[in-house]
Structure formats: C-alpha cells, structure tokens
There are 2 protein chains.
Amino acid sequence: MAQPARLGRGGRWGRGRLSPVAPMEPTAEQAARWRPWMRRALQLAALGQGRTSPNPMVGCVVLDSSGQLVGEGFHAQAGHPHAEVGALGQAGARAEGGTAIVTLEPCCHQGRTPPCSQALLAAGVGRVVVAMVDPDPRVAGQGLAQLQDAGVEVLAGICGQEARHLNRAFIHRVSTGRPLGLLKWAMSLDGRTALPNGSSQWISGPEARTWVHRLRGQVDAVIVGGGTLRADDPLLTSRGLGPREPLRVVLSQTLDLPPQRKLWDQSLAQTLVVHGPDASAQGRQQLDQLGVERLELDPCTPVTVLEALAQRGCNQVLWECGPALAAEALGQGCVQQLAAVIAPKLLGGVAARTPLGDLGLVDVNEAQQWGLQGVERLGADWLWQLNNSPRAIQS
Amino acid sequence: MAQPARLGRGGRWGRGRLSPVAPMEPTAEQAARWRPWMRRALQLAALGQGRTSPNPMVGCVVLDSSGQLVGEGFHAQAGHPHAEVGALGQAGARAEGGTAIVTLEPCCHQGRTPPCSQALLAAGVGRVVVAMVDPDPRVAGQGLAQLQDAGVEVLAGICGQEARHLNRAFIHRVSTGRPLGLLKWAMSLDGRTALPNGSSQWISGPEARTWVHRLRGQVDAVIVGGGTLRADDPLLTSRGLGPREPLRVVLSQTLDLPPQRKLWDQSLAQTLVVHGPDASAQGRQQLDQLGVERLELDPCTPVTVLEALAQRGCNQVLWECGPALAAEALGQGCVQQLAAVIAPKLLGGVAARTPLGDLGLVDVNEAQQWGLQGVERLGADWLWQLNNSPRAIQS
C-alpha cells in the first residue's frame, strides 16, 4: 500500500521557490478515491519503459467533470509529446472542469515541448492529482504551484511509492548526476563465473540469457571493461527483445583492444569507447579508423564514465564487466542494484573467476547487507535481485 | 502424490528368495483407503529422526478388524523395540483380525530384537500394509513373504515415495556401503566463504547458524579436515538443539594438529581422528595422550572414511570442511546433497576463500546439474537445498 508522501510545509518542495499555497495532502478518503486512477496512469507510464531517457516515464488519465474517463496518454519517447498533452488531446473540451491524474508533477518549463502546466490550465481542468513531485530542479514543485496559483485544486502523493519505484533511475540521475547502476552476473552455486581455463559459456541456461537480453533493451547503456572485450568478444545487444538497443560502452585505460570485435560493427547498436589520457596513439587511431566513437576522460574511472553518460541522457546503466571493474564500480558507489543469476551447478577451481575482485574489507561485519527484492526462477537457474536500500522483501 | 511402487513379479524382490506368492500391488481404491493411515505411520516414524542409526526410521499403526485405531508405535532408537512391537503392545488382543500399517517391510531376522514378522503373526493380524520393501539384504522381501505364506493379506507401495525420502540415508548406506553425504557451506552472494585475511565470522546470521546446529543433531557424523581444525577451532555440536550430538570426525593425513582444540574436549560429544599411514609419531602420541580416538586408514580418503563410518553404523554424514576436502569428497562421489546458505552481502577479494577447490572440469557443460529441492529464508539469509537426483522442484 502506498504511503502518500508528506508534502505541505517545509522540506521537499522546490528550494525556496515554494508557492505560498502548498498542495493539499490527500486524506485517506481522497487517496482511496484516486488510487485506482493513479494505478491506471502508472500502467500507461510503464508503456514507455526503456524509451524515455533522459526523461522519466509518465502516464496521464483525464476525467470529465462527472468523473468519466475521457483521455489517456503516456510519454512514449524523449522529444515526443508529454503524457498530459496526449490525454488532453483525447479529452478535448470534455476536460473542462475535469480532473487530470498524472504520475509525475507536470512540467512548467519550455523544453523540447511546451510546459504541461500551461496545457492543463488551457484545457480548464479543475483538479490535478499527482503521484510525486518532479525532482528535476527546473520543476521541483513549481509546476504544482503554478496550477494552484491559477485556482486548480492540487493533490500530491497518491501512489507515491509506486511512482518513485517506476522512475527510480530517473530520480537517481537527477539527484546524483549519475545514472542508476545495475551490476549483473551469472555464477555457479559455488560462486564461479568461469572455469580455471576461462570457459564460461554457458553457466546459465537459455531462459536466463533471454532475461539478460530483454534487460539490455531496457537500460540506456551497457558497460564492459577492456578485459571482457578481449576475452569474450561480446555482442551486448538485446537480440531484438527490447524496445531499442543500449549504447555499448567499453572502459579501457590503455586502448589495447583487438582490431576484430563484434562491438566494432555498429549496424545493430552504437559503441562508445571511454579511455584515459595514457591511451596509446595506435589504439586511438585504430578506433578512429573503425569509426568507433571514443571519449577521453581524466581520470577515467567508473564515476567519471557515469557522469559522462548522465550528460548524454542515460538514466540507467548495466555493468556487465569482469570482477576487477565490478569491484571498482561498487567501491565508487556506482552500483545501486544487483542481479545475480545462480545456476544449480558446481564448477570449482582454485583459480576460477569469481564475480568480484577485492573490495578492501578486513572484517566480515563491514560487508553491507543488500535488500533482496525478489528471487525468480529462470529455467533451471534462479535470479536474485537486490538493491542497496535497507528495505528487503518479507518472506 | 505417491506412486505405488511396482512390485509383484520380477525385479525388486529379494535375490532369488522370492516367495511363490508376491504381495498384491494396491489398486487405486486400496491406495486411497490406506494412504491416510500410512501418512500417520510416516509421522510416527519421523519422531525417531536422528536417533535410529544404523536402523531406519519406522512407524506403525494398528487397526482392529472394524478399522478402529488401536495402536501406534515408532522406532525410537537402535536397540529399542521396533515400531510394530510398540503398536501391537498398545493394541493387545484387539489386533486380531486387524490391519498393521507399517512404513517399512517388517523384519524377519533376529537382531538385537526378535523378528517383527513373527510378532505380527503371533498377534493374529489379517492384513499388513507397507510403504516399501526393506532394502536390507537380510530382509529384502522375505518379511512380507513370511506373512503371505502364513495367509496374511499383504499390500506394498502405499506412500512409497515419501517413505523412501524419509529413509533416504538408510537406503543409501544399505545399498552403497557408505553413509549419505551432505555438503554444507555458507557464502556471500559473490561466492566467498571468507575474506582474503581469513575472516569468516559471521557470514550468515544467527537464524542460519541455528539451522546448522539443528542439522548437526540429526546426522550421525560431522566431518572436517585438518585445515579447518587448525584455522577455525570449531565445536561442531548441535548446541543442544538436536536429539543427540554427532560423532565429530577430523580427516588429517599428517596429524599435524594443535594440542589445544575444542574438539579434544569430549564432554559434549565424541571425537574421532582419521589419518593416513604417514601420520607423524608425535601426532599419534598426542591424540593418544589426549584420549582422542584415532583410526588409521590406508589410503585415507573421503571414500575410505565413509566406509569406516558406515561400519560404525552411520547412515548420514555432514561435510563441514574447507574447499580442498569438499572438492575431493565431491570428486569421489561422497556427496549426494548440498545445502548452501547464501547471505545477501558482497565480500569480494581476489584471494578470498570459495566453497570448492578444483573439480577438474575443462568445459562448463561437463558440470552436473543438481536438483533444487527448496529455497528457504533463514533470517536475512537464504538456504538452498539440492540433491543429485535429476528431479528438481517445479516452480
């Protein structure tokens, strides 16, 4: 059950730009009345999954003054109309005196599309119900304030928890300047990601690999290190299972990379190689000749790579790297979610690869406890999904 | 749902000692009639868990000729009366013309207690229903044959699958000459059983440790190697949570063992050190002075240790050893069940300990697929239980 966010005086509103009239905190009765419509709006929002970055997913439902559904919309892709515009367009004149239920506070700034707060006012809606305030500093409460100032009744915090969960990547990027990081690996029950001789295809079964392909289509970028590129020559695409292909990112300090790699063929998906200042001239030249985009960062670290990807509008990245880079990304706070596929097999091997390199711990009690979000069967394998929030599922 | 075992002509009966009249295979109607009583008998049998070795767990229910319950019994401990004797004792004269429902074929040989087939005949029961034939070569169908020859109606195979599962350790020991092996470990989500500096207390939480203590009280022996003894100085008891303490077994080739170890104090539980022919004279002398029993085996391997423990009446052993001995035990077919406690933590560490040493695999596809029997939450941790049968649970 969603807890309506505590809004009103103080705290979460927009940095001193708070309207004199704060939006009403919903009563239990109001929450019960609007929750079913907000759930529908959240369903609509989720239709944009994997295609809206750098924007959030947004859904909108418009009811006429008698409470009848007259319009639905969602944000399908960055640069396309916002959810409110689509729903208001369907509603037409019937929106007048009606209610707009939106999963996120309407924007109030001119971006690639006009401000939605103005569109709602122009349509004459009498009430706007939102799930959460937009954390984007260009909005941050001002969209709701504009509506209130114009006499529109505003309710905020209906299904707030679900809405924040849906847009957790967008919220993370806006509030930290880095995309949300998901670290994924497949391992045997004894914690091995390869045999001592490097053999690793395939530890997990076809269902688990399909799950990974689908996941790639929903994130904005997939990151590997030079070692994975050299050893595995991965393709890193969704195999057509996602709404679009992710940006494939290689983090290589040296640019000591082979001339023949699947990633150099960009007919399926774009490739970006990020490197440090000490990268070899030969490596730079090779990539330039191959037509592969490269980006020099100083220093070239998981953090600086994520900052560069946030600049390019990535809300969420998938780390599919080897143990050393994975441990570095974890150590730099670049991982908020884990997905471990565990195969019911034993690989063994004293020198066999494991998911993570050294994290620098000296006492087991220093290890952070991750919150298990779910365990799911994928064929013969089991997917564990965890995040770094203290709230784990209850059994 | 249990499948009645296919009995009757051929196959599973006792090695040429087959009675001319084979016990009836139950019809669906008969199976439906006796299944509820057999489930009760199985519940009774399980009351002996952890205390019957080298014997199986057995439960018995006696009904009078009108089908009323008149007696219940179970085998509580080796050397104590068998289940049938207890149930018949309760029933007294009311057993005459009645039915005995027993989880295992009644014995027909004089052991520490008289044969149960004779006790059933003496009580005058008209029908005996059993879940499974006793795989012990001294019985192996002859108990049922004796009853049939005396004119008793015999039905076999009611709840056979449950009964075989309950006594899987006994069946394994009788049919292979070695106790059933369960390999257990606790690891982090990245497959580590210690940090690079050896720190491992505690990877799992109190609930998981309690589960292990309880498990120790239900197996006949717990086995560690000399390395674990030197590094961890474990106690290896049930902490009073099991019906009795297991035999604590140390496998050490060299007997290079410290003079001060918790295992040398045998006030709580017995300790046995198994060693090879090359063990040092000093090591032998130290143990003898400490009053710790030792057993020389040539060769001293997981297999020979298990054979020696079977001779001592162990049906089930728990391997709580380090990665090298665990891999050796697996490689020699000494492990039929796995229990992995996975903590939602990341430990990392290039040189950190993992559950298993080298298994000698060169291709991932050689790895055996284990059958997942269940995933269970233990506090913050998750227990995975698997066995080496091809049948896994369905999700």
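Tutor: Five bridges join β7(B) to strand β8 (residues 247-252) of chain B, and the two run parallel. Strands here are DSSP E runs of at least two residues, helices are H or I runs of at least four, and both are numbered from the N terminus. Two strands pair if DSSP finds at least two bridges between them. One bridge to look for links V224(B) with its partner V250(B) in β8(B). To get from β7(B) to β8(B), the chain passes through helix α8 (residues 226-232) of chain B, and this β-α-β crossover is right-handed. That term means that, with the strands pointing away from you, the path from the first strand over the helix to the second runs clockwise.

Before we go on, keep in mind that this is a predicted model: local features need pLDDT of at least 70, side-chain atom pairs count only at pLDDT 80 or more, and totals for chains, interfaces and linings use all residues. Residues are numbered from 1 along each chain as its sequence is written, while chains are lettered from A and ligands numbered from 1 in the order in which they are written.

Back to our strand. β7(B) also pairs with strand β11 (residues 316-319) of chain B, in the parallel sense and over three bridges. There, I223(B) stands opposite W319(B).

Now see which way the residues point. A221(B), I223(B) and G225(B) face one way from β7(B), V222(B) and V224(B) face the other, and all are buried. Buried means that 20 or more other C-beta atoms lie within 10 Å of a residue's own; 12 or fewer makes it exposed, anything in between partly exposed, and the C-beta atoms are placed from the backbone. Because five of the five residues of β7(B) (residues 221-225) are buried, the strand is largely enclosed by the rest of the structure.

I223(B) and W319(B) turn up again in the largest nonpolar core, which has 148 residues; they are among those with the most contacts inside it, as is V249(B). Such a core is a set of buried Ala, Val, Leu, Ile, Met, Phe, Trp, Tyr and Cys residues joined through C-beta atoms within 7 Å. Leaving aside neighbours within four places in sequence, W319(B) is in contact with I223(B), and its other partners include L183(B), A326(B) and V335(B). Contact means that the C-beta atoms, placed from the backbone, lie within 7 Å.

L236(B) has a positive phi of about 60° although it is not a glycine. Most residues other than glycine have a negative phi. With 27 C-beta neighbours inside 10 Å, L236(B) counts as buried.

Finally, zoom out to both chains. 45 residues of chain A are in contact with 45 residues of chain B. β13(A) gives the most to the side of chain A that touches chain B, with three residues. Chain A can be laid on chain B with an RMSD of 0.1 Å by a turn of 180° and a shift of 0.1 Å along the axis, using least squares on the C-alpha atoms of residues with pLDDT of at least 70 in both. The two copies are thus related as by a two-fold rotation axis. In chain A, the C-alpha nearest that axis belongs to G191(A), 1.8 Å from it.

Definitions and conventions
Two residues are in contact if their C-beta atoms, placed from the backbone, lie within 7 Å.
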